[in-house]
Amino acid sequence: MAVQDIQTCILPIPTTLDDSAPATWPFPSAATKSLDAAVPPLPESRPLPLGAIVTDVAQSWISNLVQSLDQAKFTEAKEAFLEENGFWRDIMALTWDFKTFVGNSAIESMLKERYIATGGMNNIKMSKDLKTTYETVSVDESKSLSFIQAGFTFHNSIGKGGGIFRIVNTDAGWKGWTLFTTLEELHGYPERIGPNRKHGDAHGEYLPRRAAETSFENSDPRVIIIGAGHTGLEIAARLKVLGVEALVLERNERIGDNWRNRYSSLTLHGVVHYDHLPFMPFPKSWPTYSPAPKLANFLEYYAEAMELNVWTSSNVIGLTKLGDERWEVEMESPSRFSGIRKMHVRHVVAALGFGGSQPKIPVPKPGQLDFFKGKVLHTTQFKNASEFQGKHVVVVGSGTSGHDCCQELYHGGAKVTMLQRSGTYVLDKDRNAKLLLRFYQEDGPAPEIADRLAFSFPLPVTKLIGERTVRVMAENDKELLQNLRNVGFQLEMHYSMLWYLYHRGGGYYLEAGCSQLIIDRQISLHSGVEIERFVADGIVLNDKEQTEIKCDAVICYRATGYGDGRAGVIPLLKQKEVRSSLLPVWGVDDHWELMSVWREWCHEGFYYAYGNLAFSRFYSKFLAMRILKKEIDEGKA
C-alpha cells in the first residue's frame with residue numbers, strides 16, 4: 001500500500017500541534033478525576049419512624065433549611081446536611097455554573113458566597129409532578145440505605161428553579177444526603193411552547209417567512225452552531241423556543257448524514273425512552289432500539305418541524321475572536337454563495353461530537369504501511385461488509401463499534417478477528433434494562449422528569465451506587481461473562497457504564513449478538529495485544545510470540561481513538577493565544593462535573609457541546625438559557 005493511499009484512510013487529527021498545542025495535550029491527569037477517585041461512602045440510615053408521614057417529613061426539612069438560609073444562618077443550614085457525605089449539586093440556579101459540593105463545610109462556603117447574591121430560594125412549593133417517596137437501595141449483601149426523596153420549585157432573582165432532595169434518618173435526626181437545584185426558566189422569558197406558542201402565520205406567509213429567516217441575506221445570526229448532529233439540533237431547538245436567532249452549519253449534504261453514512265447495521269443501544277428529543281418525542285410506534293438510518297431521517301424532519309435554520313454542505317474554515325466579545329466566522333457554502341462569507345456573531349457553539357469528530361488510526365512506525373498490501377480504515381469509513389466477503393478482516397477495538405463491525409462482517413461472509421487491547425465492560429441490555437436505565441421505561445415518567453431524577457444524583461453518588469449495580473448485573477449475566485472469560489475475553493466491570501461514559505466516552509458493549517459469536521469462536525479473539533507492525537500480507541502483534549495474522553484489511557474502532565475535543569476546533573482558530581488556552585473537553589473536573597462542555601469554553605461566547613441524545617436533551621436547556629441571559633444583558637432579547 002503506497003503512502004499516498006494510506007492518507008485517504010487516516011482522517012486528519014494532529015498528533016502534535018507545534019507551538020499552538022495546549023501544554024498538557026491531550027488530557028491533564030491532574031485536572032481530571034480518575035476512575036478511582038475517592039468519594040465519601042454511602043451514609044448509614046435508620047428506618048422510617050413508626051407513624052411518620054413522608055410528605056410531612058420532607059416539607060419540614062426543606063422549610064427549616066430555607067428558613068435558616070433566609071436568616072443567613074449558614075452554620076445552622078450546614079447542620080441540616082450530613083457532614084462527610086452530604087452533597088449539593090447546582091446547575092445555574094445559585095452558582096450560574098455546574099458545580100457539586102461535597103460535605104457540609106463545602107456546602108456552607110457555597111451558600112455564604114452565593115445564596116444571598118442570587119436572591120435565595122423564594123416561594124418554595126413541593127413539586128406537583130414528582131411524588132414524595134420513601135425508597136430503599138441495596139448497599140451490599142447485608143446493608144441497605146433508606147431515604148425520602150422529594151421535589152420542589154422556587155424562585156430567585158434570576159428566574160424559576162426546581163430541585164430534588166434526598167434525606168436520611170440518622171441518630172441526629174433527618175439529614176440532607178443529596179440536594180439538587182437547577183434553573184428552569186429566566187424571569188420573563190418562558191419557552192414559547194404550549195400556551196406560550198405563537199399564533200401562526202397569516203395566509204400565505206409561512207414559506208416567504210421561512211425563506212427569509214433561513215437565508216440571512218441581510219443580517220447575521222446571534223448564534224452559530226457548528227454541526228447539525230443531534231446535539232447541534234437540540235441546542236438550536238432550545239434557542240428557537242427562547243426567541244434567540246441561530247444558524248446551524250453542517251458540512252454533510254443532508255441533516256442526519258453523520259448517522260446515515262455509518263455502517264449499515266448501526267443501531268442505537270439506548271432504549272427509545274432514553275433517546276427522545278426535546279419538544280418532539282419519537283412516535284409511540286418507534287422501535288425500542290433505533291436503526292441509525294431511521295434516526296437520521298427523523299433528525300431531518302425534526303429540523304424542518306422545529307423550523308431550525310440549517311445550512312448543509314457548509315464548512316467553517318476560520319474563527320477569529322474580536323475585541324468586542326464577538327466572533328468572526330468564515331464559511332463556505334457553495335450552494336448559497338460563491339467564495340467565502342464572513343459573519344460576526346456573539347456566540348459560537350462547537351457541536352462536533354466526541355473528540356471533535358476527528359477519529360485517528362494508531363499509525364505504526366513511518367514507512368511500515370508501505371509494505372501492507374491490504375486496506376486500513378477507521379470504523380467511520382466502514383459502510384458495510386459487502387466488499388469484504390470471503391476476506392479476512394482484523395478489527396482493532398472491543399467497544400460498541402468494534403463489536404458491531406465484527407458482527408456485520410461475520411454475517412457478511414468475512415473471516416473476522418477482534419484485537420482487544422484492554423478490558424471491556426459487557427452486559428446484556430435486555431436482561432438488565434430496568435437496572436441500567438431505571439428512570440427511562442415504557443411506564444416511566446416523561447423524559448423531562450426522568451432527566452431531572454437521573455441527573456439529580458451527584459457523580460460521586462452515581463459512582464457508588466453504580467459499583468453496586470454492576471455487581472448485581474454481573475450476577476444476572478454470570479453465564480455470559482464466564483463464557484467470555486473462557487475464550488480469553490478481558491472484562492473490566494468495576495464501575496457503572498455511566499462512569500465509563502463520563503471518563504472515556506465509551507469502553508463498553510451492550511450484548512446484541514456479537515458476544516455470543518465470540519463465545520462460539522465464530523469470531524477469533526486476541527486479547528491484551530496491539531499491532532506491532534504491518535507486513536505485506538498482514539500484521540504482527542506485540543505479544544511474546546510476535547504472532548503474525550494474515551489479513552486483507554484492518555478496521556480500527558473509534559477507541560483507537562477519537563482525540564481530545566479540541567482537535568476538531570483548533571485548526572479553525574486563527575489566533576495562537578486562543579488555541580493554546582483551550583482546556584480539555586470531557587472527563588470529570590474538580591467539581592465533579594463534565595469538563596469544558598455546555599458552558600463557556602475558556603472564552604466569552606465560545607462553547608463546546610457534546611453528549612448522547614439524553615445528555616444533549618438535558619444540558620442543551622442550560623446552554624440555551626446561558627446564551628439568552630447574555631442576550632438580555634446586551635439588550636438583544
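Eleven residues of helix α6 are buried: His 230, Thr 231, Gly 232, Leu 233, Glu 234, Ile 235, Ala 236, Ala 237, Arg 238, Leu 239 and Val 241. Buried here means under 20% relative accessible area, with exposed being over 50% and partly exposed in between, using a 1.4 Å probe and protein chains only. This is a predicted model, where local features need pLDDT of at least 70 and side-chain atom pairs count only at pLDDT 80 or more, while totals for chains, interfaces and linings use all residues. As for bookkeeping, residues are numbered from 1 along each chain as its sequence is written, and side-chain values use heavy atoms, leaving out hydrogens and water.

Back to α6, which covers residues 230–241: 11 of its 12 residues are buried, so the rest of the structure largely encloses it. How far apart are the end C-alpha atoms of α6? They sit 17 Å apart, which agrees with the 16 Å that its 12 residues should span at 1.5 Å a residue. That expected span is 1.5 Å times one less than the number of residues. After α6 comes Gly 243, with a positive phi near 80 degrees.

**Strands and their pairings**

Strand β6 (residues 159–170) is another largely enclosed element, because 11 of its 12 residues are buried. β6 is joined to β5 by a hairpin through 3 residues, and β6 forms a hairpin with β7 as well, with 2 residues between them. Gln 149 has Arg 166 in β6 as its bridge partner, and for Gly 162 the bridge partner is Thr 182 in β7. Two strands pair if DSSP finds at least two bridges between them. The table lists some of the pairs.

| Strand pair | Sense | Bridges |
|---|---|---|
| β5 (residues 143–155) and β6 | antiparallel | 8 bridges |
| β6 and β7 (residues 173–186) | antiparallel | 12 bridges |
| β17 and β26 (residues 553–556) | parallel | 4 bridges |
| β24 (residues 538–541) and β25 | antiparallel | 3 bridges |

Next up is an open sheet of 5 strands with parallel pairing, in the order β17-β26-β18-β19-β22. Its edge strands, β17 (375–378) and β22 (524–527), each pair on one side only. On average, neighbouring strands of this sheet are turned by 20 degrees against each other, direction ignored. Val 376 stands opposite Val 554 in β26.

Helix α10 (residues 400–411) packs on this sheet and touches β18 (392–396), β19 (415–420) and β26. The direction of α10 makes about 165 degrees with that of β19. For angles like this, axes are lines fitted to C-alpha atoms (for helices over the stretch in contact), and values run from 0 to 180 degrees between N-to-C directions.

There's also an open sheet of 3 antiparallel strands, ordered β23-β24-β25. β23 (531–535) and β25 (548–550) are at its edges with a single partner strand each, so one side of each has no neighbour in the sheet. Neighbouring strands here are turned by 25 degrees against each other on average, direction ignored. Ile 539 stands opposite Ile 549 in β25.

**Two buried side chains**

Ile 518 belongs to helix α16 (residues 514–519) and counts as buried at 2% relative accessibility. Which residues does Ile 518 contact, leaving aside neighbours within four places in sequence? They are His 403, Met 418, Leu 484, Val 487, Phe 489, Ile 523 and Leu 525, where contact means heavy atoms within 4.5 Å. Ile 518 and His 403 are 115 residues apart in sequence, and their C-alpha atoms are 9.6 Å apart in space.

Thr 462 lies in helix α13 (residues 459–476) and is buried too, with a relative accessible area of 15%. Not counting residues up to four places away in sequence, Thr 462 touches Phe 457, Ser 496 and Leu 498.

**A helix crossing**

Helix α12 (residues 447–455) and helix α18 (residues 613–633) pack at an angle of about 90 degrees, their axes 11 Å apart. α12 and α18 are therefore roughly perpendicular to each other; that label covers 65 to 115 degrees, with under 35 roughly parallel, over 145 roughly antiparallel and the rest oblique. From α12, Pro 447, Asp 451 and Phe 455 meet Ala 614, Phe 615, Arg 617, Phe 618 and Tyr 619 of α18. The residues of this contact divide into 6 nonpolar, no polar and 2 charged. Nonpolar covers Ala, Val, Leu, Ile, Met, Phe, Trp, Tyr, Cys and Pro, charged covers Asp, Glu, Lys and Arg, and the others, Gly among them, count as polar.
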